[in-house]
Amino acid sequence: IGKSKLSREFARSVNEDGGSIYLSGRFDKLESQPLHAISSAFDKYCAWVTAGDQSTAEKVSTALKENMGDEMACLVTVMPNLANILGDDFNSDQSNKNDDTAVDAQKGLRYLFCQFVDVISRCHEEPLILFLDDCQWIDNASVAVLNQILMMSGSAIKDHRFFFFGACRDDEMSESHPLNIMLTTMNSLCGTETTKIQLTSMSK
């Protein structure tokens with residue numbers, strides 16, 4: 001009833017202004033891979049950095065290598081364009097040496113995503129804006145990642161500014177939906193400001 005139109009107008013405004021870095025992803029009811037929408041958004045970021053100014057790409061590459069090292073190999077498996085930032089000298093085979101269980105591997109991946117956001121936010125003066133559409137289909141792993149990133153935005157990356165903009169079909173989001181619970185908790189316990197906007201038809 002208007003969420004997609006609003007998000008498109010928001011993206012257009014941000015891109016025309018040029019004062020922010022706008023990333024976007026979309027959840028799919030049929031997608032079984034956890035973190036797919038988030039990894040897709042940051043994979044687009046990696047492609048944008050690679051195609052842009054070389055000095056920025058080198059700055060991001062150096063910061064990631066210094067702060068995350070070989071651990072980034074796990075992120076390359078879900079963000080292929082990250083390999084282009086890291087360059088040919090980075091050994092992505094490290095990911096094959098990980099013998100963790102599936103649960104431990106997913107927890108580790110969530111942690112790495114948070115590290116990644118923290119590092120790249122320090123490489124840009126512009127704030128990062130992450131838009132995720134169809135959040136009614138968000139997976140639990142993505143909820144956990146957003147929770148950690150938003151908690152960091154109130155502390156570790158406070159001065160670097162991270163903004164999350166999500167859209168969903170309200171009639172498919174009950175109060176017990178994991179994302180609603182997370183946002184309520186963030187607002188009441190962590191002091192992270194959240195705002196809900198309920199849309200009616202925007203056809204007029």
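Predicted model: local features only at pLDDT ≥ 70, side-chain atom pairs only at ≥ 80, totals over all residues.
## Ground rules

Local features need pLDDT of at least 70 and side-chain atom pairs count only at pLDDT 80 or more, while totals for chains, interfaces and linings use all residues. Residues are numbered from 1 along each chain as its sequence is written, and side-chain values use heavy atoms, with hydrogens and water left out.

## The cores

A nonpolar core here is a set of buried Ala, Val, Leu, Ile, Met, Phe, Trp, Tyr and Cys residues joined through side-chain atoms within 4.5 Å. Buried means under 20% relative accessible area, exposed over 50%, and partly exposed in between (1.4 Å probe, protein chains only). The largest core has 54 residues, and Phe42, Leu64, Phe113 and Phe116 touch the most other members.

Leaving aside residues up to four places away in sequence, Phe113 touches Leu35, Ile38, Ser39, Phe42, Leu75, Val78, Met79 and Val145 (contact means heavy atoms within 4.5 Å). There's also a second, separate core of seven residues, including Ala11, Ile129, Phe131 and Ala167.

## Helix 1

Which residues of helix 1 are buried? They are Lys3, Ser7, Ala11 and Val14. They sit on the same side of helix 1 because they cover an arc of only 70° around the axis, taken from the directions from the helix axis to the C-beta atoms. Their cover includes strand 1 (21-26), strand 2 (128-133) and strand 3 (162-166).

Turned away from that buried side are the exposed Arg8 and Glu16.

Key
Helix = DSSP H or I, 4+ residues; strand = E, 2+ residues; numbered from the N terminus.
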